[in-house]
Amino acid sequence: MIIDGHIHISEGPVDPTGLVERMQAAGVDGGALFSLPPSAFIRLGQPHTTPERLDNLFAWVKNAPTLYPVFWIDPLEPDAIDQVAVASQRGVLGYKVICNRFYPGEPAALRVFKAIAPTGKPIFFHSGILWDGQDSSRYNRPAEFEALLDVDQVRFSLAHVSWPWCDEHIAVYGKLRHARSRRPELAVEMFVDLTPGTPPIYRQEVLAKLFTVGYEVERNVFFGTDCSTGDYNVNWAREWIERDNHIYRQLGLTPETIEQIYALNVKRFLAVA
Ligand SMILES: [Zn+2]
């Protein structure tokens, strides 16, 4: 089974049946769907309100049990904490955050993360170079996410193995695991979202480092594509799966570990059966 942990809902008609068909053509059985973006990410056209974005998100997943709803939240919006409450009541399974103009440790953002953590839902963060045409990548360096050590019970992922700061990403992962042994009361858990960002020439190096560094990563790494609902890119998804599988064979990963990477870990992250 393959679950895609990183799919963006795009503007346009809601067509879960068509999406699931395209995903199946790529060998993908389900995925986490990120809602339409909050207004800070809209360059052209009208931004959507929170209720509109939630309605659209739930229209996508309504009759598709393997599509998991994730609400994209901008923690600097003044009503962000209310949005967490509303989205949680609607039944979202996670939150998506892109730090486009603030550090993860910005106090206003931390307040929102502290509102999310007790709901038991995870946060999918972007990390690494941010291709938004703005001066923004510095907010997405992995070490900045150490600020989440102050958010009790938070479960979060950093996408793209934070390319090009993959070494830093792996080091932060190691630090957070170690922090739990130093502070047993700490319930902070980080996941590695393998969604490309890492160009093909870096992939072998990144996966080799991740799986041989000596940290326990087997239960905390998940697959994703960054495809969009409007045009789920079957060939792109297939190519990445093939490339990764080839590398996993070279690294000698067990079938159990590979099953965890493709499905079980993201399900554990989302807390779904
Ligand atoms: Zn993305």
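W72 has a relative accessibility of 7%, so W72 counts as buried (under 20% relative accessible area; exposed is over 50% and partly exposed in between, with a 1.4 Å probe and protein chains only). A quick note on the source: this is a predicted model, where local features need pLDDT of at least 70, side-chain atom pairs count only at pLDDT 80 or more, and totals for chains, interfaces and linings use all residues. Residues are numbered from 1 along each chain as its sequence is written, and side-chain values use heavy atoms, leaving out hydrogens and water.

Now for the ring pairs. Rings of Phe, Tyr and Trp (its six-membered ring) pair if their centres lie within 6.5 Å; planes under 30 degrees apart count as stacked, over 60 as edge-to-face and the rest as tilted.

| Pair | Centre to centre | Angle between planes | Type |
|---|---|---|---|
| F41 and W72 | 4.8 Å | 50 degrees | tilted |
| F124 and F222 | 6.0 Å | 75 degrees | edge-to-face |

F124 sits in strand β5 (residues 123-125) and F222 in strand β8 (residues 221-222), so their pair ties together parts 98 residues apart in sequence; strands here are DSSP runs of E with at least two residues, numbered from the N terminus. Both F124 and F222 are buried. Ring pairs also join F124 and F222 with F34, F191 and F269 in a cluster.

R243 lies over the face of W240, 4.4 Å from the ring centre (the rule: NZ of Lys or CZ of Arg within 6 Å of the ring centre and within 35 degrees of the ring normal). R138 lies over the face of Y139, at 5.4 Å from the ring centre.

Note on methods: Helix = DSSP H or I, 4+ residues; strand = E, 2+ residues; numbered from the N terminus.
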